[in-house]
Amino acid sequence: MEKFRERRIIKLLKKSPEDGIKMAIDIYGSAVNTICKNILINLNSEDIEEAVSDTFFKLWKNVDNFNMDKNKSLKSYIYAIARNTCFDKLKSSNCNTSLFEIDENDLGIDVDMEDEYSKLHNKKIIKTTLDNFKEPDRSIFILRYFYFEKVKAIASKLNLSEKKVENILYRSKTTLKEELIKGGIIYEKD
């Protein structure tokens, strides 16, 4: 059902952009708004609304770059556009951009992100590691580091204690760090 809906949105974006954007907003707008609010927490509501609008505009402009076989999910593609749009907005507004993007500093490692191969290799390791996380660990990690939800909100959503969520996040980051080190692209800091 989801793939059918995603194909319909893509088709509409190409043939009738206004209808395609409207459908995408109806389905994904709430989640995109949450992502933007969580990342742009220190900016005003106009900046957040602009980021949401820019996300759907970029979706329309780049719909030809989306490949259902390669990208797997339109939802993930849209959420990635939202995150990147917000990070660009933070950079251009000279805000503190130290929000967690699976930052090597938080894992205690150095990564050569100038190397395109390194970027692709690390993404593959991160995806494989996340795919291997059991629930609720996987959901907690994604809610925290991809949707920028607060620990308290995650604990409430999943009916867990905040301490339990923090422990799972710590273990998950440790596991991810170990997998990245095994992958050979990164090394531990002295």
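Where is threonine 129 found, and with which residues is threonine 129 in contact, leaving aside its neighbours within four places in sequence?

A: Threonine 129 is found in helix H7, which covers residues 116-132; helices (H or I, at least four residues) and strands (E, at least two) are DSSP runs, numbered from the N terminus. The model is a predicted one, in which local features need pLDDT of at least 70 and side-chain atom pairs count only at pLDDT 80 or more, while totals for chains, interfaces and linings use all residues. Residues are numbered from 1 along each chain as its sequence is written, and side-chain values use heavy atoms, with hydrogens and water left out.

With a relative accessibility of 7%, threonine 129 counts as buried; buried means under 20% relative accessible area, exposed over 50%, and partly exposed in between, with a 1.4 Å probe and protein chains only. When neighbours within four places in sequence are set aside, threonine 129 is in contact with Thr175, Leu176 and Glu179, contact meaning heavy atoms within 4.5 Å. The C-alpha atom of threonine 129 is also separated by 9.2 Å from that of leucine 180, a residue 51 places away along the chain.

Leaving aside neighbours within four places in sequence, its contacts are Thr34, Asn38, Leu143, Arg144, Ile154 and Lys157. With lysine 157, glutamate 149 forms a salt bridge whose closest N and O atoms are 3.0 Å apart; a salt bridge is a side-chain nitrogen of Lys or Arg within 4 Å of a carboxyl oxygen of Asp or Glu. Whereas glutamate 149 is buried, lysine 157 is exposed, at a relative accessible area of 52%. Elsewhere, salt bridges that share partners join Lys127, Asp131 and Arg138 into one network.

A search of the whole structure finds seven salt bridges. One of the pairs links distant parts of the chain, with aspartate 64 in the loop between helix H3 (45-61) and helix H4 (68-71) and lysine 14 in helix H1 (residues 2-15), 50 residues apart. The closest N and O atoms of aspartate 64 and lysine 14 are 3.9 Å apart, and aspartate 64 counts as exposed at 62% relative accessibility. Glutamate 50 forms a salt bridge with lysine 89, with 3.1 Å between the closest N and O atoms. Because glutamate 50 lies in helix H3 and lysine 89 in helix H5 (residues 74-92), this pair ties together parts that are 39 residues apart in sequence. Glutamate 50 is partly exposed, with a relative accessible area of 39%, whereas lysine 89 is buried, with a value of 12%.

The cysteines remain to be considered. The count of disulfides comes to zero, a disulfide being a pair of cysteine sulfur atoms within 2.5 Å. For cysteine 36, the closest cysteine sulfur is that of cysteine 86, at 3.4 Å, which is too far for a bond. Cysteine 36 counts as buried at 0% relative accessibility, and cysteine 86 likewise counts as buried at 0%.
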